[in-house]
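The sequence and the model are shown first.

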Amino acid sequence: MSDVTDLLQQLVAIPSVSGEEDAIATFLQRWFEARGLAVHRSDRNLSVTVGQGDRRLLLNSHLDVVPPGLGWLTDPFEPILRDGKLVGRGSNDAKASVAAMACAMVELSHAPLLGQVVFAATCEEETGRNGLEKFLPELGSFDAAVVGEPTGLNPAVAQNGLLILELTAHGVAGHAARPYLADNPIERAARDIAKIIRLDWQPVNPHVGPMTLAVTQIDAGHSHNVIPAACRMVVDIRTIPEIPSEKVVERIREFVESEVWVRSDRLVPAHTPAGAAILKAVEAAIPDCKPFGSPTMSDWAHLTGIPALKLGPGISDVSHTANEWVALPMVERAVGGYARIARRLFEA
């Protein structure tokens, strides 16, 4: 068994649902220290640095996983090796990236580097604010970054942002038998939903396509015979760099009768700058890779101002599913890929 497969097995065997990453962080800290690498630990986040020089590359991936859910044929935290795959919660998203980056750091520590590589293994990527968002100021500045997520070892050069809105339609409560004496906010909410889902958003991003909007939650009423006083809706919007969040909010407010409140706009869209050295390094290190746009969120959202991209072993469609798996040959390939990316970047 290779070092990266062995490490991945051990990582998957440690349950690390968001908020419960202390055990896996401690394990990884000891794993690095056993290989002679110093670890900086902050809560459930840790970092390791190799190389010397002024140029700095960040490798980052997350230790947390989503809850297992239903539909598993095996224990989700008992890694199973089968037909060249490893099955288990977090195997694909994103412990394969964690394992490959960790092994790449060991490989890079054995030869001189023309710059510094920092690997940050962080918590609460799936939910929470105590991971990379909080840890990044402790790590210093960077010239480039690679975020480890399941991309099939193809570089994601654009990523949607996330804007969450709450719309509240206000009305007047009353008896369902006398609707003419009330003002039904559910009807107002229905009109608003019909309006906003028909809105056309331009321009379109060349990598991730159009901005998308979906009403994902509706909450109103407590009894079948009472017209409620309010109806609340949650709108999930996957933003693109070309359309600022404030413009989205402004336009929706123009069209709806409901009150609009911004629940979250901190996860901004991200893209790799044209001609970025990090993309050139990836294309040199993994010649058959194909840049693409990713609709899924990641900690890339917190790397504003740093030329970055998202790249790792695994397939995004498998993330968060029952019987999650990752192809081990791709994980093996990722170790050398990450190491070559660092060397190519510093040689440019």
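What volume does the second largest pocket have? The second largest pocket has a volume of about 200 Å³.

## Basis

This is a predicted model, in which local features need pLDDT of at least 70 and side-chain atom pairs count only at pLDDT 80 or more, while totals for chains, interfaces and linings use all residues. Residues are numbered from 1 along each chain as its sequence is written, and side-chain values use heavy atoms, with hydrogens and water left out.

## Pockets

A pocket is found on a 1 Å grid over the protein atoms alone, as an open set of points where a 1.4 Å probe fits, with protein on both sides within 12 Å along at least five of seven lines; lining residues have an atom within 4 Å of a point. Grid points are joined across faces, edges and corners, and the volume is the space filled by probe spheres set on the points.

The second largest pocket is lined by 17 residues, and Glu149, Pro150, Thr296, Ser316 and Ser319 lie nearest its centre. Its lining divides into 5 nonpolar, 7 polar and 5 charged residues (nonpolar: Ala, Val, Leu, Ile, Met, Phe, Trp, Tyr, Cys and Pro; charged: Asp, Glu, Lys and Arg; polar: the others, Gly among them).

The largest pocket has a volume of about 500 Å³. It is lined by 21 residues, of which Glu125, Glu126, Leu162, Leu267 and Met297 are the closest to its centre. Two or more lining residues come from each of α4 (132–135), β9 (161–170) and β14 (259–267), and β14 gives the most, with 3. By class the lining has 6 nonpolar, 7 polar and 8 charged residues.

## Chain as a whole

The protein chain has 8 helices and 18 strands, taken as DSSP runs numbered from the N terminus (helices H or I, at least four residues; strands E, at least two). Its C-alpha trace spans about 80 × 45 × 35 Å along the principal axes. Of its 348 residues, 52% count as buried (under 20% relative accessible area; exposed is over 50%, partly exposed in between; 1.4 Å probe, protein chains only).

Among contacts (heavy atoms within 4.5 Å) with a separation of 6 or more, 81% join residues 24 or more positions apart.

## Buried sites

Met233 lies in strand β13 (residues 230–239) and is buried, at 1% relative accessible area. Beyond its neighbours within four places in sequence, its contacts include Leu165, Glu166, Leu167 and Ala169. The C-alpha atoms of Met233 and Ala169 are 8.3 Å apart, although 64 residues separate the two along the chain.

In helix α1 (residues 3–12), 7 of 10 residues are buried: Val4, Thr5, Leu7, Leu8, Gln9, Leu11 and Val12. The elements covering them include α2 (22–33), α3 (91–108) and α8 (328–347).

## Backbone

Most residues other than glycine have a negative phi, and most peptide bonds are trans. The peptide bond from Asp93 to Ala94 is cis, with omega near 0°, and Ala94 is in helix α3. Another cis bond joins Gln202 and Pro203, with omega about 5°; Pro203 lies in the loop between α5 (185–197) and β11 (212–220).

Glu124, in the loop between β6 (116–122) and α4, has a positive phi near 50° and is buried at 10% relative accessible area. His320 also has a positive phi, about 70°. His320 sits in the loop between β17 (308–310) and β18 and is partly exposed, at 43%.
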